[in-house]
Structure formats: structure tokens, C-alpha cells
Amino acid sequence: MTNAAAGDDFTITVPAPNAVLTWSDTDVAKLAPAIGTTTITPNSDGSHTITNHFTTSVAGDTIQEISIGLNDNYPAQSKPIDSVGTQTKTVSFAINGVDQPKLTFTTTVTPTATPSDVTRANPDAKAVGAVNPNTEYVYDFAVNEANGVRDNTTTSGPVNSAVNYGTTITIPVPTGFTLDEALTKTINNFDDETTITQPTGASGDIIITVPKGSGNQGYQSRPPYKLAGSFVDPTTTDNQTLTAAGVATVVQQVDETGTTLTFKSKNPWQETLLGTASTADLKLEVAAHGNSLQNGDKLILDDDPTNDPTDLASYSFKYQAPAATSDATITLAVPDGFDVHGIIVPTSDTNSNVYMAGTTSYSYTLTLADGVKETGTVAPGGTITSKASSPIRQAVLTPNLLTPGAESGTFKLLGKLSAKYDGGAAVKKWRSIDHQHYDCSAGSRRIISKYTETVATPTGALHLYYEQNSKTPGEDGGLFSIYGNNPGFGQTTNLVFEPILYYVLPSAVSVASVSGTQDAKVTQQLLPDGQVVVKIDYTGTGESIDVGIDTWSNNIVRVTNNSDALPGTYPWSSYVTSPTTPLSETSKVTDPAQTLGDTAAVALSEGAGNWVIEQAATIMSASLAQGDDVVPVTSATLDKNSSNSLQFDVNVINTTSNVSNGTLVVNLPVKDDDQGSGYTLNLTGPIVLPTQFTTGDGSQVPLVATVLYKTSRADIVAGSSSADLDGFVPASAVNDWRTVRAVAIQFTNLPADASTGRMVLTGTVANQVTLGGKTGYLQTGFYLPGANVSIADKTSGAARLTITGAETIPAQFHYVDAEGQDRIIPLSDLTKTVNDNTDTLSNDYPTTQTALSSADQALIQAGINCGLTACIYSMPQDMRWTPLVKL
């Protein structure tokens, strides 16, 4: 839009985010608050209308960029989506309700699938080459379907529900195969309407019916379909190979109109039956695992129970054989140093992850450290508990039955790390503890699995969390904090004792608030490159950062985007020094300036990135102020007793194309002006201009401007197209800078994608100590030939500086004692604090002696009855004690 006038509306209506298209509020380059507002409204047809309302005139072009991205295949989608095929999308425009030419584009979604061959899962076909007739086994079949939203990645094992309007899978079986429909249903444990049947019985096709919306999606990582059953063919002397008559076929409807896609597996289902003259394969697979902590190979020896694991170690096994067995034994060797008194036995579940059909009990023999043995029987899912005080050192378990392909859950050792070995020697840090799991079958096969855990020092891990809520200059930008509520960072303790944090903020923001820092000392320091370092120092507090608490309560620094920030990316980083608690973070700071000289600091995990600033491209002015603030901000403050100067910065930002002959007029705060200023700013010298423009590409462009001054405020009239420079004079004609009330800056050229940088006005105010609560407001008007003036003032976010001040009003009690002596008692609990020129001192003091607090009454000499001779006094600003209440 060109030369927008105050009150103009420019609207863009875009397609709604859907399965293919993705965008959010942060993908819309909004108008800067100084020139207008941008709102996004959903429409009944699913589209969204972006309305740009200009609150002031804007010279030149205003260009809004909206980034509409493409989803990939991973995110969760509707079940099903309505985007399969080629669709046309429309973007429409209007200026003040008048439609403009539309823009169209197309999206194409094509689901793909590469169905797998049917393969045996229990027992694994790679471990067991041939199986027995009349024995149940479990087979896998995967559709491997991508939803096609972007490409053919992130496939789902079952039918992809995102593109499923109804699917039928036909799987021819080898001769004699009979599906066990009940076991198949149990193993798959569907949470939808999927069914798996064999309508014509043995040797007949298996039919998998997946109604509309059923199935799963790639992000869910669900296993393939499970097919349980057996072969009824008679046994032969030699192995026999059976092959199905055809390949698996998937026929899927992908939209409401009935469009179908067909996918086929590469090879037919094939199985080998074991002959009576053949030797069966037998393989055992066992695995020993670490403890239940995220760092499962580490154990902590200390007095803090919060970092103890719930189990010290765990084990699992697979029985790979074509026939069931009842003589398998599982031997758990518990290492010296583990104070174990219980073992959890896995359940007998039958599902897509565990296959323990037929196992109903375990007999066991425990050998304790003192040599005593204990025996018993435990049901699946139960807990074996030793009866003696001596820890368990070995457990031999015999399941009543293991079916072919049995795959267990985990056996878990319950207990804690001991401070001493069985022989009495102390368990020391950084010593390894090995544990082994033996699995034997019928005495003929044996396999050993070994795992090592290390006794370690508590180690913390600190990850930086950041959130950018807005990319628009002048808006609430977001926050930086320590990531909490996450045990997955590999730490062995959540507590990091007395660390020092350094948040090196992007130069495009200023600090809005700091919270969640307990009693840490928080300071800010400006670096030469414009970045602010927020230092949060816990030294001497006796406190720890706890990564177990909520992220939004954990050392939070909230930031505001600077109103004069140029669009672009701004780096940020973060560091920590931890003198006491070891950290998993080890990358030392490379630029000690970012940690204020602390060379021991290391980078936080995920602790660096880029902050993005975007806005609708335009030409505009921006202003900031600085008093006691670390950096210039929109709303600055200065304590009434501060020795700092009052500073106002103005900036002209051009994010469109080169323009010429721009003029910026600045009205300084004057007491009781039309902006409502509470004081008059007295300049101490001329405005200071940068020598170069600040450019987006870093190029050097000299800033050439003419500056004029005026001793009265300029007339900045809405709707005017040229600056009224009557009464303005050059700096050489200014006799007293304190009398200047307006400044005009004329530019011969304003290059594209650049800003003038901050042009600084510095001044003072008379009688500053009396001005607590008073605010001064800047007003600017920017002119370009042929366009109405763009005005920024109190109502549109122009800079303001408030002088702050407060008084502490003490109170004292005066009475005359029995000897006629005046007695004065300070009453500290009646002290009040009031803000200058804002608050009113309320006279709500006690009116009787008994109304005083017990602490105050205890200060009064015993036996004194105040009567009418005693008063409570307060001392206001004039430092004279004034009686307030007689008692």
C-alpha cells in the first residue's frame, strides 16, 4: 500500500492452516505499533483475514510479508485429511473495503506406500529358519504408508489414518495357515475399528479391514500388523517350503469422492516347515540394562534419596525356538555393592511389544550374600522379596512355560547402592559395578549379558529454554529461562548449587522483567555491541537451581522487542559457572566479554540461537528514552535523586526502497504541553547524529543531514504534507540550549533496508528532586514529499521518561513519664512508603494505646497511661515531626 492515511484499512485473506499449509501469527509481518495495528480474524469458511489498520499516515510504500509454509509428513493430522489430490487456494486483498486482484496457487498431496512382505516375528525368522506344524507363531505385515503431505517420508506401519477413507488389505496365505483371530486381536490391541479376519478359514486369504479414520500415523511409530496362527499341514521328513498364491494387496480410498489407490507387496508370504529329519534352531537373546535413572549407567552414593533410582538394574530376554520349553532358566547375578532385597518379575502380557503367552508362574531360588538360600514361586508381574536382612546375590528363575518366540518385559532389581561391599570395604566413587544375566535352555544353550554401572558424583545439566512470542518491534518479545520439569537431560541430580548464570540477550531487545531467581543477585551490563548481559548470581545464597521445577518459574528473563529494531536476525547466547556441582556442559566460553570476564563459564545446552525481528516494510520514525535504564527503552525511568541525564533517542527506519528529502520534526517535553508532560526538558547541547546509517547488510553509507532548532514547539498537524520550519535555526544561532523546544532533521537520502541509528538528545530538568511521579512525552512527525505526515506521540507509543520518587514516612511515640521527662519511641511497624506526587498519606494510625501492636506496647514504660498527653507523630518530606493522633 502506498502513502497510507490515518484510518486506512488494508486486508489480506489467506487460506486457513491445514494438513498442507502451516502458518501462525508470528509468520505475519505486522505493522509496528507506532503506525498501526495488525489483527487476524478467522472466517466461517476456515480462511483468515489479516486487517492492517493505520493509526497514523505513513509515507511511501508499506509492504506486508506473510510466510505460509508447507508441513512435512510428521505432525499429527486429522483422521482423515481433506487435502489429498490437487487443490486451488486463493489469497484475496482489499483496501478500505474495495477488492483488489486475487492471487491463486495449488497444493498437491499424493499418498504412497511400500507394503512389506509378511515375515515371522515370534520367533524371529532370522534366528529360526523353520517352524513346526500345529504350533502358533506371530507374523508381521507393514503397509509403510506416507501421507504425501510433502514427500514419502515418515511412514506408518499400519494404514495411515491421515489419508484413510476406508482400506481393505488382502493377504494370501501359504497352504494350511490358520489365523487365530482372538490372539491376533489381543496382540494388536487396536484402539480403533480395525479388524483382521480369515473369512474362509484355513488356507483362505486374511482380510484386514480399516474403516475411515482408523489406522495410525507416522509420528506414532506403531508396530506393523501382527498375524498370529499356525499351519495344519502334516509333518514331512524333510523341510518343506510353503508359498502363498499371490502378494498382499492394499486398496485404499483417499477422499470423499471415492478415489482409490492400490499398493502391493513385492513377494508372496513364504514359510518353511520343519521336517522330522531336521534339527531345530535354538537361539537365546538376553539383555541387561541400567538403572531407572535417565543416566542409567550412573549411580549416586550420597545421603540424598531424591537421586536414587526406583530400580538398580533390569533385564529382558527372547526365546527364539520353534517349540515351547519348560526347562529354561534365567539366572540373575546381583553384583556386590547392590543392596537388593526384591525382584519384580515381568507380566505375562501379549501385545505388540511383549509376547509371553502361556507363562503363568516362575519358580525361584535366591542365594543371599551370607550363603542362605530361599525358594518360592511367583506369578508374572509379582515381586520376589527376600525374608532375611542379607542382600540377594543370585536369583535363578524357571518359568513354567516359554512359547516359541517368547519375548519378555523386564526383570527389575529393587534396592539401593550400598555404602560397603560384602567384605566391609567402602564403595568408592568412580568405581565400576558389573552385573550379569544368564539365560539357559534345557542345559544345552547358555548366553551371558553384561552391563556396567559406575558410582558417580552428582552431575547436573542446565538447558536454556527460550520462547519468542512476537517478531514485531515494540511488542512483548518473549522470554529466556532454565528448562525445568525434564528428567531427560542426563543429570544425576536436579540441583545445581550456587551457580552464576549469564544470559547474553539479542541486541534487538531490552529487559522487561526478571523473576524466579530466589535470592540471587541480578545485574545487567551493556556490551559494546549493544547486547545486554543479565547476570544471575547465586553465590553465597545457599540456594540451588532446580531443574525439576516448572520452566516458567525458573530464572526467567522476559524481554521487549526494541521499537527501533531493524528486521533481521540477532544472536543470543547463555552461560553458567558452577563452582560446586559438576555439570554435563563442558564447552568453555570463547569470548569472556560475554560472561563479564568469567573464564570458567561454560555454554548452557541449547543455549545459543537467533532472535528474529520482522515487520511490515515501511518508512517510519521510532523513539526511545533512557534515564537509569541499562539501555534505551520506550518507557524509561529516572529516580528523582539520580545524577544521570535524561536522554531521548529518535530513529528513522526505512525497510522499503530508497527515498529522498525526508524531514523528521521532534517536539521535546514541555510542562503542560498537548501531550500532558509534567516537566520541561532542557537540552545540554545539540543532537548527536551517527556518522553512518545502520544497514541490514552491514554496508557503509554516510549519514548526511541538516539539523535545525526552535525555541518553541513545532506545529505537527495531522494531514499536512510538508514540515513548517518557520522559526527553526541552525545550531550556530542557538544561544542557550536550555531554551530549545523542537528539533528538525532534514535528510537528502534514506537508503533502503537501513535506519539512521539512534540520534541522541540529552538534557536535564529543573528541580528534579520535586518531580517524582512526573512524565515527559516526546512527539515526532516524519514528512516525505507527496505524503501526509506520520505522527508518533503519547497515544501511539512514542518515548516517555518518568521521574520516580518515594518517601519513607517514619512514626514515633511521644509521652511524658512520671518524672516529667519527654520520652520518644520509634514505631518501626507504622512506617509507610508513599510515591511522590501520586499517593496520599492515609491517617489510619492507632487512636488508642491498646490499639498499638503488642511489640509497640512493650516499648512503653510500665504503668504509663498515655491519656491526652501522648501522640503518634510522622515525619514527612519537610523533616518536621507532625502530630497525627492523640491517645
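In this predicted model, Ser 470 occupies the loop that runs between strand β35 (464–468) and strand β36 (476–482). With a relative accessibility of 6%, Ser 470 is classed as buried, because the cut-off for that class is under 20%. The side chain of Ser 470 forms a polar contact with the side chain of Glu 475, at 2.6 Å. When neighbours within four places in sequence are set aside, Ser 470 is in contact with Glu 475, Asp 476, Gly 477 and Asn 561.

**Two further buried residues**

Ser 92 belongs to strand β8, which covers residues 85–95. At 19% relative accessibility, Ser 92 also counts as buried, since the class extends to values under 20%. Apart from residues up to four places away in sequence, Ser 92 touches Thr 11, Ile 12, Thr 13 and Lys 102.

Ala 799 is placed in the loop between β58 (790–792) and β59 (800–804). The relative accessibility of Ala 799 is 0%, and this residue is therefore counted as buried. The C-alpha atom of Ala 799 is separated by 9.5 Å from that of Ser 563, although the two residues are 236 residues apart along the chain.

The accessibilities of these residues are listed below.

| Residue | Relative accessibility | Class |
|---|---|---|
| Ser 470 | 6% | buried |
| Ser 92 | 19% | buried |
| Ala 799 | 0% | buried |

**The chain as a whole**

The chain contains two helices and 65 strands. Its radius of gyration is 39 Å, whereas the globule rule gives 29 Å for 887 residues; the chain is therefore more spread out than a compact globule. Along the principal axes, the C-alpha atoms fill a box of roughly 120 × 90 × 50 Å.

Buried residues account for 50% of the 887 residues in the chain. Of the contacts between residues at least 6 apart in sequence, 73% join residues at least 24 apart.

The accessible surface of the chain amounts to about 37,800 Å², and carbon and sulfur atoms contribute 49% of this area. As regards charge, the chain carries 47 positive and 86 negative side chains. The centres of these two sets lie 4 Å apart.

Definitions and conventions
Residues numbered from 1 in each chain as written. Predicted model: local features only at pLDDT ≥ 70, side-chain atom pairs only at ≥ 80, totals over all residues. Heavy atoms only, no water. Helix = DSSP H or I, 4+ residues; strand = E, 2+ residues; numbered from the N terminus. Buried < 20%, exposed > 50% of the residue type's maximum accessible area, 1.4 Å probe, protein only. Polar contact = N/O pair within 3.5 Å; in protein donor to acceptor, adjacent residues only side chain to side chain. Contact = heavy atoms within 4.5 Å. Rg over C-alpha atoms; globule rule 2.2 N^0.38 Å. Areas by Shrake-Rupley, 256 points an atom, 1.4 Å probe, with all protein chains shown as cover. Lys, Arg positive; Asp, Glu negative; His and termini not counted. Charge placed at Lys NZ, Arg CZ, Asp CG, Glu CD.
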